[in-house]
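Subject: Structure for your review

Dear colleague,

Please find below the structure that I am handing over to you. My findings follow directly after it, arranged by topic.

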Amino acid sequence: MAYSDKVLDHYKNPRNVGSLAKDDPNVGTGLVGAPECGDVMKLQMKINPETEVIEDAKFKTFGCGSAIASSSLATEWIKGKTLEEALTIKNTEIVKELNLPPVKIHCSVLAEDAIKAAIADYKGKQSVSTAEGATVASATAD
Amino acid sequence: MMDRIATEKQTARVTSPLQCWECRTALADEQENGIHFCSQCGKVQPLATKTDYFSFFGLTRKLGVDAAQLEKQFHQLSWKLHPDKFNNAGAYERDLSLERTAALNDAYRTLRDPAARTEYLLRLEEVRKEGKVKQQAPPDLLEEVFELNEHLEELRAAKRSGSDPRALDEQRHQLEKARGTFQHKLDQVLAELTNQFAAWDALLDTRPGDAAAKRTVLARMNEVLNRHSYIRNLVTNVSDELEQ
């Protein structure tokens, strides 16, 4: 199967490969997989808690060229966006941009899922820390 | 995978009764049920569109397949359908023997392997559909799979850069251990999968029309199969790396 030029470009020069500190409360991590090909994709984002803008994004994907290209593109797209904006990214936009064939659609779904999972992880961390903050506050009030 | 035989449920066809292309003997449903030759004149017949890998061997969609029996049937059919036997036949008949031989190989390869057989059934029953139905990755496995892939990557990088033998040995040792763990998991998940076979086969016997019950069993098998795909890939990747 021939890969499109855009897939090859992202595959050969992937953007934003790497990782961010998983335990940082301002970092959201999404780890997702596609059993069809046994792909695993980790996408991380660093968020400014004041503005909810994604300031940095990194990924690491073990899988086929389309999965790598989809996650590489996803990190490019989410940088500088707010969480709300990032949540509107649809896998069909990735398919269109990269010209993915029908048998590789699940790769783009994976990238969309990774974004959502990372945001959910970040929000989970934030609500825990606010809850802890609240407990501390009420403890001091007592 | 070749899709010479239907892999998804066929829509009902309006057909006149099937006939032998040579002697016009009515073949009725025979052709869809593991009958490869005309009962009258013995000519090899084209594949019916409804034929699937199970019916090719005259089997129902039960998953408990007798491996020895299947192998025997495979050898017998390979012999009977072998294109060499059709050297003196007409072009059409030669094509039919080729077509059936190719289908035989695909069907046998799929049905003899419990995981491939399950995946095939799930596609026939439309539980698995590329691009239509999303498969869920087992979350508890992902972390481990990711880490092991990172180990593999490190080992490859270390090999490339020709780093010192002690570090390489240590990496290999880690991977050997991981391979053992995952091989054990693979055995477990295969056992889990084959345990589901009995439930499915019993359903086909007792309540073949109970669509809801079927969906439940199929969904469970699909989940186990997804775990299986990950673990099998890992074992293969790690083994490849270690044996290089």
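A residue counts as buried when its relative accessible area is under 20%, as exposed when it is over 50%, and as partly exposed in between. By that rule Asp52(B), at 7% relative accessibility, is buried. Please bear in mind throughout that this is a predicted model.

Salt bridges within chain B

Asp52(B) forms a salt bridge through its side chain with Arg61(B), at 3.4 Å from N to O.

Another salt bridge joins the side chains of Arg227(B) and Asp140(B), with an N to O distance of 3.4 Å. Arg227(B) belongs to helix 7 (residues 211-243) of chain B and Asp140(B) to helix 5 (residues 139-161) of chain B, so this pair ties together parts that lie 87 residues apart in sequence. Arg227(B) has a relative accessible area of 23% and is therefore partly exposed.

A further pair in chain B is Asp210(B) with Arg207(B), whose side chains meet in a salt bridge at 2.8 Å, N to O. Asp210(B) is partly exposed at 24% relative accessibility, and Arg207(B) is partly exposed at 45%.

Over all chains, the count comes to 19 salt bridges. In chain A, a network of salt bridges links Asp9(A), Arg15(A) and Glu76(A).

The interface between chain A and chain B

How many residues of each chain take part in the contact between chain A and chain B? On the side of chain A there are 21 residues, and they are in contact with 17 residues of chain B. The area buried between chain A and chain B is about 1,600 Å², and carbon and sulfur atoms give 61% of that area. Within chain A, the residues that lose the most area to chain B are Leu31(A), Pro35(A) and Phe62(A), which together account for 38% of what that side buries.

There are 2 salt bridges between chain A and chain B. One of them is formed by the side chains of Lys60(A) and Glu150(B), at 3.2 Å from N to O. Polar contacts across this interface number 4 residue pairs, with both residues of each pair at pLDDT 80 or more.

Which elements of chain A give two or more residues to the side that touches chain B? They are strand 1 (27-34), strand 2 (39-48), strand 3 (53-62) and helix 5 (105-141) of chain A. Sorted by class, the side of chain A that touches chain B consists of 11 nonpolar, 3 polar and 7 charged residues.

Cysteines

The structure holds 0 disulfides over all chains. In general terms, a disulfide is a covalent bond between the sulfur atoms of two cysteines.

Cys64(A) is buried, at 15% relative accessibility.

In chain B, the closest cysteine sulfur to that of Cys41(B) is in Cys20(B), at 3.6 Å, and this too is too far for a bond. Cys41(B) is partly exposed, with a relative accessibility of 34%.

Overall make-up of chain B

Chain B has 7 helices and 0 strands, and along the sequence its pattern reads α-α-α-α-α-α-α. Of its 244 residues, 40% count as buried. Among contacts in chain B between residues at least 6 apart in sequence, 67% join residues that are at least 24 apart.

A loop residue in chain A

Asn99(A) is located in the loop between helix 4 (91-98) and helix 5 of chain A. Asn99(A) is exposed, with a relative accessible area of 59%. Leaving aside residues up to four places away in sequence, Asn99(A) touches Ser4(A) and Ile94(A). Asn99(A) and Ser4(A) are 95 residues apart along the chain, and their C-alpha atoms are separated by 6.3 Å.

With kind regards

Terms used. Residues numbered from 1 in each chain as written. Chains lettered and ligands numbered in written order. Predicted model: local features only at pLDDT ≥ 70, side-chain atom pairs only at ≥ 80, totals over all residues. Heavy atoms only, no water. Contact = heavy atoms within 4.5 Å. Buried area = accessible area lost by both parts, 1.4 Å probe. Salt bridge = Lys/Arg side-chain N within 4 Å of Asp/Glu carboxyl O. Polar contact = N/O pair within 3.5 Å; in protein donor to acceptor, adjacent residues only side chain to side chain. Helix = DSSP H or I, 4+ residues; strand = E, 2+ residues; numbered from the N terminus. Nonpolar A, V, L, I, M, F, W, Y, C, P; charged D, E, K, R; others polar. Buried < 20%, exposed > 50% of the residue type's maximum accessible area, 1.4 Å probe, protein only. Disulfide = S-S within 2.5 Å.
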